[in-house]
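Here is a short report on one protein chain. Please keep the sequence and the 3D view at hand while reading.

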Amino acid sequence: MTTEIDELRERYRQEREKRLRDDGLAQYVAFEGDFEEFDRDPWVEPGFERGAITEEVTAVIVGGGFAGMLTAVELTRLGIRDFRIVEKAGDFGGTWYWNRYPGCMCDVESYSYMPLLEETDYMPAEKYASASEIFEHCRRIGNHFDLYPHALFQTEIENAAWDDDERRWHITTTRGDRLTARFFVTAGGILHKAKLPGIPGIQDFAGRSFHTARWDYDFTGGAPREPMDKLADMRVGVIGTGATAVQVVPQLARTAKEVYVFQRTPSAVGVRNNGPTDEEWFRSLEPGWQAERMKNFTQAVTGEKPEQDLVQDGWTDVLWDATNETVETEAEREELERLDFEVMAKLRARVDDVVDDPETAEKLKPWYGKHCKRVCFHDDYLAAFNEPNVHLVDTDGVGVREVSPAGPVVDGVTYPLDLLIFASGFEVTTPLAQRLGFDPVGRSGRPLSERWHDGAHTLHGVLSADFPNMMIISTVQAGFGTNFVHFLSESAKHVAALVDTCLREGIEAIEATPEAEDEWLAVLHDVAMGLAHYSASCTPGYYNSEGARTSQGARNLVYPGSLLHYAGYLERWREAGDMAGTVVARSD
Ligand code: NDP
C-alpha cells in the first residue's frame, strides 16, 4: 500500500530528476568576456586615480568585506597593525557594498549577524536590518578600528607569488602597487563572484539587463529605500527565485507596469515578522551577550537545541531539528524524515493561505527537504503574486533556456521585456582562483589552479601545501552556517591567531602537509557520508555544487556538519599548540 510518505518521497525524487543537468556548475557564466559590462561598479564615480605604493607589510588581506575586516580587527586586537587591505570596491562592506537592490536586507537577525555591536556601541534599528544599515555598520567598523588608512580601494590583485628564498609574498595590483608581505590572507568573500545563467541569447537581449548585485538605479529610478519611479511604464522580468528574488519581487510589484517572475525551483518562504528593536531590552543586555547569542542561534539552527532559544524566529523554528543528521536505525531516520515533511508541509500550506489563485499557489510550492536549499523568510513575496501586474512564469524545473532580443522564451512563448534582472546568485564552490580573480603562485612557481586542478587541498580549508603563509577564508573545505558572519568570525580569529603565533615563535613560513590535507578531506567525507542519504533527495543548487558528481565537486565541499563542530576543530588545533599537520620553517 502506498503511504503519504511514499508519495512525498516520489514527488521529491521527480522534482530533483527534472532539475539534474550534466553541465552542473558550468551552466553559469561569469562577468567576463561578453559579460564584462555586467561587472561595472555602479557605486563609484569614474576616473578614480591614485599613486602606486611600494611597501613591505606583515600581512596583505584581499577583500574588505566582513571576512577581511574581521581579520583586520582580530590582528588589531593582537597588536598587529602592519597590514594592508586590498579591495576591488570603493569602500568596505563586501556583499553589503555591492548588493543595494530594492528591498535588500539580511534574513538573519541583526543582533546575531551584525558583528562587533558591543565594541561599536551600536543598536540596530530593527530585528532584521536593511542592507543600507549593514553597509553603514561596515563603515562604522572601519572607522572605529581605524581600518581606512590600511585600505587600498578600487584596486585588484594582478599577481601574488611566494618567494621561497625571501619567505615573502610579492603582490602587484592593477594600480601599479608592489607589496611585499610575510602573510597573505585571501578573504575574497563567500558570495563575491556573481554569476549569470549561460542561457543562449542573453547577450543579444535588446532591453536593459543587469544582475541584482549591480542594480542600475539610473535606469529604474528611485533608490534602495525610494520607489523606482521610472518603471511605471515598463515590463520587467526576473530570472531566479532564491533569497534575493524573494526580496526584490515585492518592490518591483509596487512600481513596475508588469512583472514576470521566471521560476525554475520555488523557494520555501516562511513568515518574517520584522519589528523595531526594543531599546530597553537591548540596553539591558550584559557584556558578552553578542558572542553568546551568535552561538545560541547557530546551536538552534543546527539541531543542537540550546536550553533557551534566544532568537525565536522562523529560522530557529524551521531548523530546530537537524533532520539530515546521522542516526543509527531506520526507525530514527524515518522519524526525522517525518519531521522534515511536516515542516515543509507547513511552508507549502502557507502558500495556499496567502496566494489567491490555486494554480499559481501550486506552482509556488517547494518540493524538497528543509536542508536542501536556504529557506527564505518574507511577508510580501508570496502576496505579490496576488497583484494583477505580477505573473509567475513557471518553467517546471527546466529554467529559462532561451532569450530572444525581445525577451525570455518559455514553452515557445516570448515574454517581451524592457528590463531583465538576473537574480541568479553567486559562485560558491567553484575553483578558488576563479572566484578570487587571480591565481596565487606558490613554491617553485606553481599556480594554485595547477596544484588544485582536481579540487581544493587544504588543512581546515585554511592552509595548503606549497603555499606557505597563505591563509584562505572561504567556505570550501571549511565551515558554513546560516549566519555567515559567525563562520567568518571564527575563521578570522583562527587566521589572526596563526599569524600571531608565527610572529611570536619566530616561524618564518607555515604550510599544510599533503598528508594532513588528505586526513582533513577524509574528515569532510566522513561527515558528508553521514548526510549522503539526505542530500541524495535534494534538488540541485549551490548547497550541493548543483548536484555535481565531478572529482572537483568531491573535493570542493563545504564542511557538511554543524559550524560549531568545524569551529571546534580549529579551537582544539590552536589549543594543542603543536601545529599538527603543518611544516614550519623558523628563522635561522
Ligand atoms: P541563489 O543561488 O539562491 O538563486 C539563484 C536563482 O536563480 C535560483 O532560484 C535558480 O534556480 C535561478 N536560476 C538559475 N538559472 C536559471 C534559469 N536558467 N532559469 C530560471 N531560473 C534560474 O541566489 P540568490 O542571490 O537568491 O541568493 C544567494 C545567497 O545569497 C542566498 O542563499 C543567501 O545565502 C544570500 N542572500 C542572503 C540574503 C540575506 O538576507 N542574508 C539575501 C539574499 C541573498 P534553482 O533554484 O533551480 O537553481
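## Helix 17 and its setting

Helix 17 is mostly covered, with 17 of its 21 residues buried. This is a predicted model. Helix 17 runs over residues 484-504. From first C-alpha to last, helix 17 reaches 30 Å, close to the 30 Å expected at 1.5 Å a residue. After helix 17 comes G506, which has a positive phi, near 65°.

Helix 20 is one of the elements in contact with helix 17. The buried residues of helix 20 pack against helix 17, helix 10 (289-300), helix 18 (514-535) and strand 21 (582-586). Which residues of helix 20 are buried? They are L563, L564, Y566, A567, G568, L570 and W573. An α-helix has 3.6 residues a turn, so residues three or four places apart point the same way.

| Helix | Residues | Number of residues | Span, first to last C-alpha | Expected span |
|---|---|---|---|---|
| Helix 17 | residues 484-504 | 21 residues | 30 Å | 30 Å |
| Helix 20 | residues 563-576 | 14 residues | 20 Å | 20 Å |

## The whole chain

The protein chain holds 20 helices and 21 strands. How does the radius of gyration of the protein chain fit that of a compact globule, and why? With 588 residues, a compact globule would have a radius of gyration near 25 Å; the protein chain has 24 Å, so the two agree. The C-alpha trace spans about 75 × 60 × 55 Å along its principal axes.

Burial is counted over the 588 residues of the chain, and 57% of them count as buried. Among contacts between residues at least 6 apart in sequence, 74% join residues at least 24 apart.

The accessible surface comes to about 24300 Å². Carbon and sulfur atoms account for 47% of that surface. The protein chain carries 59 positive and 99 negative side chains. The centres of these two sets lie 1 Å apart.

## A loop residue

R40 sits in the loop between strand 1 (28-30) and strand 2 (54-62). Is R40 buried, partly exposed or exposed? The relative accessible area of R40 is 46%. Buried means under 20% and exposed means over 50%, with partly exposed in between. R40 is therefore partly exposed, at 46%. R40 and T241 are 201 residues apart in sequence. In space, R40 and T241 are 24 Å apart, C-alpha to C-alpha.

How values were computed. Residues are numbered from 1 along each chain as its sequence is written. This is a predicted model: local features need pLDDT of at least 70, side-chain atom pairs count only at pLDDT 80 or more; totals for chains, interfaces and linings use all residues. Side-chain values use heavy atoms; hydrogens and water are left out. Helices (H or I, at least four residues) and strands (E, at least two) are DSSP runs, numbered from the N terminus. The expected span of a helix is 1.5 Å times one less than its number of residues. Buried means under 20% relative accessible area, exposed over 50%, partly exposed in between (1.4 Å probe, protein chains only). The radius of gyration is taken over C-alpha atoms; the globule rule is 2.2 Å times the number of residues to the power 0.38. Contact means heavy atoms within 4.5 Å. Accessible areas come from the Shrake-Rupley method with a 1.4 Å probe; for residues, only the protein chains shown count as cover. Lys and Arg count as positive and Asp and Glu as negative; His and the chain ends are not counted. The place of a charge is taken as NZ of Lys, CZ of Arg, CG of Asp or CD of Glu.
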